[in-house]
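Morning, everyone. Let me put the model up, and then we will walk through it.

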Amino acid sequence: MMRRVVIVGCVLALSACDRTRPSQDAPAGPSALSVEAAIDTGQSPSPEAVSATASASVDMAATPVKSEGQDGIYTPPSGSPERTALMDALRGQVEGELGGRAEFVVKTLRSNGQWAFAEVEPQWPGGRRINPANTPLYREEPDWPFDGLHTEAIYRKMNGRWQVLHHSIGATDVWWVDHCHTVPRGILTGC
């Protein structure tokens with residue numbers, strides 16, 4: 001089993017990515033936002049996105065709002081300031097690796113107000129799929145064993161702002177379980 005050192009891997013990937021060369025399939029300029037991206041960024045979706053989402057709601061379904069559970073763990077609802085801050089913090093970390101501004105389809109999002117964990121699938125604004133082979137991350141590390149672009153992140157709120165402590169794009173293992181002893185119980189999947 002191949003083990004990946006997340007902190008070093010992320011730092012190396014970030015420094016190795018040529019941020020001046022955008023992804024070859026990144027949108028050239030501002031484009032219409034999908035409904036979920038608009039909600040997660042606090043902007044208005046385009047009419048096209050609203051109608052496209054209505055017909056593709058299975059693929060684009062936002063994480064349902066969950067009531068507060070064990071130890072005060074909850075899923076921040078779409079459009080909430082907390083969810084927006086979490087997605088913006090991650091976006092700032094992954095833009096250089098992906099080669100452009102991404103939005104996220106949220107698969108899992110858990111928070112207790114001080115710690116959070118996200119499992120997301122990045123996409124271009126408007127819901128367009130990102131071709132992994134065209135990203136700076138893949139171009140700089142063509143032999144690295146990536147498994148798509150799914151992204152996981154561990155966050156901590158420090159000085160009133162959400163910070164990404166660790167993240168990984170395309171991990172082939174469940175790297176975050178190495179942090180089960182640090183992150184409060186119930187935040188991370190599998191702990």
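Start with Arg101. Arg101 is partly exposed, at 43% relative accessible area. On that scale, buried is under 20% relative accessible area, exposed is over 50%, and partly exposed lies in between, with a 1.4 Å probe and protein chains only. Arg101 forms a salt bridge with Glu95, with the closest N and O atoms 3.4 Å apart. A salt bridge here is a side-chain nitrogen of Lys or Arg within 4 Å of a carboxyl oxygen of Asp or Glu. Glu95 is partly exposed too, at 27%.

Before going on, the ground rules. This is a predicted model, numbered from 1 along each chain as its sequence is written. Local features need pLDDT of at least 70, side-chain atom pairs count only at pLDDT 80 or more, totals for chains, interfaces and linings use all residues, and side-chain values use heavy atoms, without hydrogens and water.

How many salt bridges does the structure hold? Two. The other pair is Asp88 and Arg91, at 2.5 Å, N to O. These residues sit three apart in helix α5, residues 81-98, so about one helical turn separates them. Helices are DSSP runs of H or I with at least four residues, strands are runs of E with at least two, and both are numbered from the N terminus. Which partner is buried? Arg91, with a relative accessible area of 2%. Asp88 is partly exposed at 36%.

Next, the core. The largest nonpolar core has 24 residues. By nonpolar core I mean a set of buried Ala, Val, Leu, Ile, Met, Phe, Trp, Tyr and Cys residues joined through side-chain atoms within 4.5 Å. Elements giving two or more residues to this core are α5, β1, β2, α6 (136-140), β3 and β4. Helix α5 gives the most, with six. Leu86 is among the residues with the most contacts inside this core. Beyond four places in sequence, Leu86 is in contact with Pro76, Leu109, Ala116, Tyr155 and Trp162. Contact means heavy atoms within 4.5 Å. A second, separate core has ten residues, including Ile73 and Trp176.

Now the strands. Seven of the nine residues of β1, residues 103-111, are buried, so the rest of the structure largely encloses this strand. Strand β1 runs antiparallel to β2, residues 115-123, and eight bridges join them. Strands pair if DSSP finds at least two bridges between them. Phe104 stands opposite Pro122 in β2. The two strands form a hairpin with three residues between them, and Gly113 in the turn has a positive phi of about 95 degrees. Gln123 of β2 is buried at 8%. The Gln123 side chain makes a polar contact with the Glu103 side chain, at 2.6 Å.

One backbone point. Most residues other than glycine have a negative phi. Asn159 has a positive one, near 55 degrees. Asn159 lies in the loop between β3 (151-158) and β4 (161-169), and is exposed at 83%.

Last, confidence. pLDDT is the predictor's confidence in each residue, from 0 to 100. The chain mean is 74, and 63% of residues reach 70 or more. Residues 30-39 fall below 50, with 35 contacts beyond near neighbours in sequence. Residues 46-67 stay under 50 as well, with 28 contacts beyond four places in sequence. Where pLDDT is low, the predicted coordinates should not be read in detail.

Methods: Polar contact = N/O pair within 3.5 Å; in protein donor to acceptor, adjacent residues only side chain to side chain.
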